[in-house]
Amino acid sequence: MLDVAFHRALIEAALVGTAAGLLGVQVVLRRLAFFTMAMTHATFPGVVVAAVAGVSLYIGGAATALIAALAVAGLSRRHDTGTATAVALAAGFAAGVALLSAQQGFAKDLTAYLVGSVLTVTRQDLAVAAGVTAVVAAVLAAGGRVLTFTAFDRDGARAAGLPVAAVDAAVLLLVAAVVVTAVPAAGTILTVALVVSPAGTARLWTDRIGPMTAVAVAVAVGGATGGLLLSRAWDVAAGGAVSLTVAACFGVSLLAAPPLRSWACRLQPQGACSVSRTATPSANPPSS
Amino acid sequence: MHAVLIEPFTVPFMRRALAELLLLALLGGVVSVFVLVRRLGFVADTTTHTVFPGVVIGHLSAGAAGVLPGALVAAAVTAVLLTLLTRSGLVTDDTALAVLLAGMFGLGVVLVSRRPSFTSDLTAFLFGRLLAVTTAQLWQTAAVAAVVLGVLGLLRKELWLRAFDPVTSAAMGYRAWLLDLLLNVSVALVVVAAAQSVGTILVIALLVVPAAAGRLLSSRPLVITLTGVAAAALAGYGGLAVSYRASVTYGIPLASGATVVLVLIGLYVLALLWSSLSSRLEGVRGGA
Amino acid sequence: MAEPALLVDRATVAYGGTAVLRDVSVEVCDGQTVALVGPNGAGKSTLIRAVLGLVPVAAGAVTVLGRSPAAARRDVAYVPQADTLDPRFPISAAQVVLMGRYRRAGWLRRPGRADRAAAAEALAAVGLADRARARFGTLSGGQRQRVLLARAIAQQPRLLLLDEPFNGVDSVSQDALLVAIGALRRRGTAAVISTHDLRLAHLACDHACLLNGRVYGVGPVARVLTPDLLHAAYTGRAA
């Protein structure tokens with residue numbers, strides 16, 4: 001019995017890890033980490049209401065995630081994006097907590113929400129995760145070049161006739177979809193960890209999007225399943241173990257990647273590569 | 001009216017809770033202005049999560065007396081790591097923050113999950129125990145408020161210049177890392193002061209929403225600060241009164257911290273409506 | 001003859017192993033105004049940052065008022081491009097100008113009455129005394145640029161560095177900037193103005209330095225901004 005649950009948990013971790021790793025590269029390049037964080041908190045009131053009303057948690061989470069995304073977009077016209085995001089995050093979380101506190105079994109539910117309950121995933125959960133992962137993979141495969149172009153050079157993309165606003169909205173929707181799928185099983189913090197840390201790790205090793213995505217998926221899936229196994233071996237919370245594992249990957253890469261890359265650089269003919277210290281791959285050096 | 005607004009505060013523990021909230025309103029109202037102009041919303045959110053492992057380690061090693069030192073150490077580690085990571089330029093700030101947030105929170109979860117009282121411990125950290133605030137905790141908060149307000153008061157012109165025009169600030173010879181570190185430490189101290197009493201959920205709202213509301217109504221720093229402090233104080237008073245009334249009269253156990261935030265968000269929405277209404281009126285008058 | 005206000009001696013500035021500026025030599029004396037002319041990416045801003053001591057010099061030397069750039073900061077004022085600053089920032093024009101007095105007031109002290117008077121005078125010098133209480137972001141681009149110049153004036157510098165001050169500036173503000181820069185020159189302030197507008201370089205400056213990764217010409221405006229040298233600098237050819 002326990003093994004069935006654990007096997008399901010491993011599959012869920014691998015699926016969510018794949019989706020998060022794939023999308024994470026876009027999140028890191030477009031600086032959407034805080035937005036992702038806000039999404040995880042904004043799904044909270046929806047999940048609580050859905051649980052009380054007896055409808056699907058995914059529908060409840062998606063509804064409030066959408067409201068929060070619209071709120072961030074609207075408030076960004078009055079504040080900088082960070083402030084707008086923080087306001088939406090605080091409002092969403094407080095609403096969820098207030099709603100939840102009016103119920104019984106408050107503390108336990110909240111804990112599950114924050115750190116996940118990956119060992120209780122059902123077959124339906126797996127199906128939803130597989131579906132969302134497939135959608136993310138399909139969108140990235142079909143629109144990868146457009147996504148990169150719009151992330152890197154907005155004005156240029158606009159001049160080339162690309163629908164920049166629609167692409168932005170599509171990315172935000174994908175983030176919301178991955179968050180809504182991942183949070184019930186994985187919890188808020190683990191979701192953020194799986195989306196951002198593997199992609200951040202990959203960013204340290206390469207400037208090119210293709211390899212970056214491959215490394216991100218590998219770190220996310222490896223970290224999610226490895227963290228799960230560690231959590232069972234040491235009897236600690238699965239969500240915490242996974243986010244700690246991927247954070248460790250990032251920490252090691254932070255120390256190891258720059259010296260290794262500049263060493264690899266020196267082996268190549270001059271001018272063939274450089275270790276960028278800038279945020280966007282192949283962005284211009286800060287000259288002029 | 002009397003029953004809602006005055007009666008709750010005839011009970012000593014409610015009076016202490018109110019005093020704590022008013023102190024935090026003053027502290028949060030002022031600090032949030034710097035958070036706003038330096039765009040530190042995500043930094044503040046990160047700090048609320050990274051203090052957690054410190055609280056856990058402090059509690060595990062020295063019981064209740066270890067919480068404050070543990071939180072202080074974690075806050076200091078966070079402030080230093082934040083300043084280092086954001087200055088390294090290897091990854092963008094938001095990625096570094098998300099990894100730090102998820103990694104350190106994960107560490108806290110792993111440590112706390114080994115304890116049988118896991119869920120209630122986690123809940124206490126996230127919500128605090130506002131109604132159990134002691135006189136000693138009030139003094140701690142007052143001391144933190146005095147230190148933070150003193151430092152920010154003395155350095156406000158340097159911090160303001162750094163926020164408005166970082167290149168000129170550096171050209172004038174102000175050390176950016178020092179100013180950043182001082183502000184990050186101030187934010188962390190607010191989180192530490194508030195974590196025990198009101199929990200981390202309230203803190204992020206307190207560090208962002210007051211100044212955001214004030215900014216909607218004015219562009220003068222002093223007015224923004226005063227409006228923010230007033231809004232936070234009003235929300236503290238109103239939220240406490242409402243949650244008390246809800247649980248005593250109607251038997252709905254509304255979490256007091258979350259209720260305070262919801263009232264604060266309500267005030268923010270009022271400011272939003274007021275500012276869009278007045279700008280629309282101005283537009284009509286300008287057009288006529 | 002006293003020390004020149006600015007002496008750049010065969011300076012090389014590099015970012016991550018690539019040289020952005022190579023072997024640059026310029027001299028600016030008191031009361032001289034030097035136009036820094038070159039295409040986008042020529043290293044104009046980099047040279048200004050090197051003079052401010054914000055980027056290290058890999059080889060050669062930058063000497064400001066006989067001192068190292070970091071040691072001379074109190075007597076150097078920098079005017080950034082107005083559109084690099086957040087227009088929503090909650091700050092009034094007068095408060096921006098007052099920032100020029102911060103270093104004089106020192107850490108921890110509030111600017112006093114003398115500082116406020118100097119700031120008001122500087123704002124009047126750029127013709128914006130009546131806009132003191134206006135929020136910085138509500139001013140036009142040209143007016144914002146004038147406010148930033150007023151801040152530099154309030155600093156009472158001996159060397160003034162302006163980064164593309166005429167970019168996207170209307171003609172009224174252009175004139176006001178030219179007048180204020182002229183007044184500073186008569187007081188003996190040395191100035192470096194980066195620009196790619198040749199007409200304004202002629203109007204505002206007496207000397208010019210033609211730059212594109214290296215120096216293509218330096219000296220009186222009429223002798224440097226010639227078609228031949230300009231062509232060489234903008235196409236990056238040896239001249």
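Along its sequence, chain B reads α-α-α-α-α-α-α-α-α-α-α-α. That is 12 helices and zero strands, where helices (H or I, at least four residues) and strands (E, at least two) are DSSP runs, numbered from the N terminus. The model is predicted: local features need pLDDT of at least 70 and side-chain atom pairs count only at pLDDT 80 or more, while totals for chains, interfaces and linings use all residues. Residues are numbered from 1 along each chain as its sequence is written, and chains are lettered from A and ligands numbered from 1 in the order in which they are written.

The C-alpha atoms of chain B occupy a box of roughly 60 × 50 × 30 Å along the principal axes.

Among contacts in chain B with a separation of 6 or more, 73% join residues 24 or more positions apart; two residues are in contact if their C-beta atoms, placed from the backbone, lie within 7 Å.

Between the chains, the contact involves 49 residues from chain A and 47 residues from chain B. On the chain A side, helix 2 (33-53), helix 4 (81-101), helix 5 (106-115), helix 9 (188-205) and helix 11 (238-267) each supply at least two residues. Helix 4 of chain A gives the largest share, 14 residues.
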